[in-house]
Amino acid sequence: MIIKECKFSFEECEKMVKDKIKEIGEIFAEIDHSKNAEKVGLSLPKDKVIIFGNPRAGTLLMQEKIEVSLDLRIFGKKIGKPFSEQLSR
């Protein structure tokens with residue numbers, strides 16, 4: 001897994017990541033763990049999972065090796081800095 005610190009705010013980092021994803025593919029789903037925790041009276045630092053891909057390219061690759069599918073998580077540490085992580089290749 002590759003984890004990188006983002007030099008921008010969580011919201012700026014999220015926007016930049018989403019904009020880049022939209023240039024090459026599409027966002028299929030988002031999971032907001034901190035929002036879900038809030039719904040049950042608990043708290044987490046900002047934490048989102050973005051599930052994305054490019055159906056044209058990804059389908060061909062997954063037909064050969066399903067493990068190439070990947071997700072990207074953007075999360076905030078308690079120190080207030082956002083990070084992103086993705087599975088390493």
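Me: Which residues form the largest nonpolar core?
Reply: Happy to start inside this predicted model. Helix H1 (10-24) and strand E3 (47-53) each supply at least two residues of the largest nonpolar core. That core has 6 residues: Cys6, Cys13, Val17, Ile21, Ile50 and Phe52.

Me: And which element gives the most to this core?
Reply: Both helix H1 and strand E3 supply at least two of the core residues. The element that gives the most, with 3 residues, is H1.

Me: What is the order of the elements from the N terminus on?
Reply: The secondary structure comes to 3 helices and 5 strands. Read from the N terminus on, these elements run β-α-β-α-β-α-β-β.

Me: Where is confidence lowest, and where is it highest?
Reply: Good thing to check in a predicted model. The average pLDDT of the protein is 79, and 73% of the residues score at least 70. Confidence is lowest in strand E4 (residues 71-76), at a mean of 53. At a mean of 95, the highest confidence belongs to helix H2 (residues 33-39).

Me: How much accessible area does the patch of Phe28, Ile31 and Ile51 have together?
Reply: For the protein overall, the accessible surface comes to about 6600 Å², and 56% of that belongs to carbon and sulfur atoms. The patch made by Phe28, Ile31 and Ile51 sits on the surface, and its residues together have an accessible area of about 230 Å².

Me: What share of the residues in the protein is buried?
Reply: A residue counts as buried under 20% relative accessible area. Among the 89 residues of the protein, the buried share is 27%.

Me: Which residues does Met16 contact, leaving aside its neighbours within four places in sequence?
Reply: Met16 is placed in helix H1. Its relative accessible area is 39%, and Met16 is partly exposed. Leaving those neighbours aside, Met16 is in contact with Cys6 and Phe8.

Me: How many residues apart are Lys46 and Glu11 in the chain?
Reply: Side chains of opposite charge can pair when their charged atoms come close. Lys46 and Glu11 form a salt bridge, with 2.2 Å between the closest N and O atoms. This pair links distant parts of the chain, Lys46 being in the loop between H2 and E3 and Glu11 in helix H1, and the two are 35 residues apart.

Me: Are Lys46 and Glu11 buried, partly exposed or exposed?
Reply: Lys46 has a relative accessible area of 39%. For Glu11 the value is 43%. Both values fall between the cut-offs of 20% and 50%, so Lys46 and Glu11 are partly exposed.

Me: What is the N to O distance in the salt bridge of Lys15 and Asp19?
Reply: Lys15 and Asp19 both lie in helix H1, 4 residues apart, which is about one turn of the helix. Lys15 is exposed at 51% relative accessible area, whereas Asp19 is partly exposed at 34%. Their side chains meet in a salt bridge with an N to O distance of 2.7 Å.

Me: Which residues are linked in a network of salt bridges?
Reply: A search of the whole structure finds 6 salt bridges. One of them joins Glu30 and Lys18. The network consists of Glu14, Lys18, Glu30 and Lys48.

Terms used: Residues numbered from 1 in each chain as written. Predicted model: local features only at pLDDT ≥ 70, side-chain atom pairs only at ≥ 80, totals over all residues. Heavy atoms only, no water. Core = buried A, V, L, I, M, F, W, Y, C linked by side-chain atoms within 4.5 Å. Buried < 20%, exposed > 50% of the residue type's maximum accessible area, 1.4 Å probe, protein only. Patch = residues over 30% accessible without salt bridge, like charges linked within 9 Å, V, L, I, M, F, W, Y side chains within 5 Å. Areas by Shrake-Rupley, 256 points an atom, 1.4 Å probe, with all protein chains shown as cover. Salt bridge = Lys/Arg side-chain N within 4 Å of Asp/Glu carboxyl O. pLDDT = per-residue confidence, 0-100. Contact = heavy atoms within 4.5 Å.
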